Amino acid sequence: METTKRRILIVDDQGPNRELIQDMLATLGQEILQAKNGREALSIAGNDKVDLILLDAVMPELDGFEVAKRLKQDPATQMIPIVMITALDGMDDRIKALEAGSDDFLSKPMHIPELLARVKNLLKVKAYNDHMQGYRQELEAEVARRTAELSEAVRKLQAASLDTINRLATAAEYKDEETGTHNTRMSHYAASIAKEMGVDGRSAERILYASQLHDIGKIGVPDHILLKPGRLNPEEWVIMKRHPVIGTGILAKSDSDIIRTGESIALTHHEKWDGSGYPRGLSRSEIPLEGRITAIADVFDALTSKRPYRDPLSTSLSLEIITQGRGSHFDPKVVDAFFGIEEEILAIKEKFQDVEKSGLLAILEAPAKNTARRPSASRNKITETDRAAQLFCGPVP
Ligand SMILES: [Fe+2]
Ligand SMILES: [Fe+2]
């Protein structure tokens, strides 16, 4: 049962007319407001919650038609039903009233039963519309709440996925890197080079995460080869060169864009522009762009990083080696992009400098540290002539 009083606004420039209509509506028991002109009507309708407007068509200044038009144009008032009150023979006015947006009309002099019947009907329509609007707002709020929950769940899932990729990459890197920041640096180099080459932000971000998986296949290389401080013999070298294919096997058939890109990078990061790389001897555009980009990012970081068998090379020597590889080892355009953002590359190098492992990693590593497994660089100095051959990506001859 309806308990809230509905609010009816009577608009007429003649006071006695307003009073007459108010008296006629008295039996309905609703709240009645009055406005003596169009402007006052617009103000009341806009500021008070009005459920029905009885609007005199003929008024000075703003007439009823103009008031109806403005009420229907304003989203805040367009749902209020309007009954236009016109002269008995005013057929033209009735048409005009409907065109202005009136929902109904009454002729003067008004017949009380007709007035009450029309008012009741329109109040029912208004109540129904109010209910539907409330329901729609509730639905919209519910949809917004569920959407926010879903977005949060997706965000957490993506974060968990990226975290897992990062940890997987760390696991692969853990055995043969001194402090575990090689992947962080080289992946940032790769993403920055990609952006410099015009790769869109989303794809560059994919390369940022996927490139960290480039050496995941080293998990399948025996420790005595992976961690060998000296040069690998030909048999060992054959086993070492399997790591791109092992990595591809680990990452194959994934639904994840990042893992698929990682698979491509794992397979092709040792391919060379001139076709002399491995495992498939691809050349030029046969090597996917992400593989060509990762190759230079990986090598630059390997050159400038401490290795079990040598100290880091100087930045200038490392840059010189990259330059020398332009068009042979590396895609010339990737080299150009690399040097196009040389300052950014050096800033990344500075930002992600090797730091001592801390927390759990330090605890886990402590018992494993011994000089036989990880000889210091000073006891295993390599000669200048060895350097050029031992430069790239881990203990590769
Ligand atoms: Fe590698
Ligand atoms: Fe690497």
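This is a predicted model: local features need pLDDT of at least 70, side-chain atom pairs count only at pLDDT 80 or more; totals for chains, interfaces and linings use all residues.
User: What makes the largest nonpolar core a core, and which residues have the most contacts inside it?

Analyst: A nonpolar core is a set of buried nonpolar residues joined through C-beta atoms within 7 Å. The largest such set here has 40 residues, and Ala190, Ile193 and Ile296 have the most contacts inside it. Helix H12 (289–303) is one of the helices that each supply at least two residues. H12 gives the largest share, 8 residues.

User: Which residues does Ile193 touch, leaving aside those up to four places away in sequence?

Analyst: Ile193 touches Ile293, Ile296, Ala297, Val334, Ala337, Phe338 and Ile341.

User: Why is E3 called largely enclosed?

Analyst: A residue is buried if 20 or more other C-beta atoms lie within 10 Å of its own. In E3, 5 of the 5 residues are buried, so the strand is largely enclosed by the rest of the structure. Leu52, Leu54 and Asp56 point one way, Ile53 and Leu55 the other.

User: How do you know that E3 and E4 pair, and in which sense?

Analyst: Pairing needs at least two bridges. E3 and E4 have 4 bridges, so by that definition they pair, in the parallel sense. Leu55 has Met84 in E4 as its bridge partner. The chain crosses from E3 through H3 to E4, and this β-α-β crossover is right-handed.

User: What puts the buried residues of H3 on the same side of the helix?

Analyst: In H3, Gly64, Phe65, Val67, Ala68 and Leu71 are buried. They cover an arc of only 160 degrees around the axis, which puts them on the same side of H3. The buried residues of H3 pack against elements including strand E1 (7–11) and helix H4 (91–100).

How values were computed. Residues are numbered from 1 along each chain as its sequence is written. Chains are lettered from A and ligands numbered from 1 in the order in which they are written. A residue is buried if 20 or more other C-beta atoms lie within 10 Å of its own, exposed if 12 or fewer, and partly exposed in between; C-beta atoms are placed from the backbone. Two residues are in contact if their C-beta atoms, placed from the backbone, lie within 7 Å. The arc is that of the directions from the helix axis to the C-beta atoms. A crossover is right-handed if, with the strands pointing away from the viewer, the path from the first strand over the helix to the second runs clockwise.
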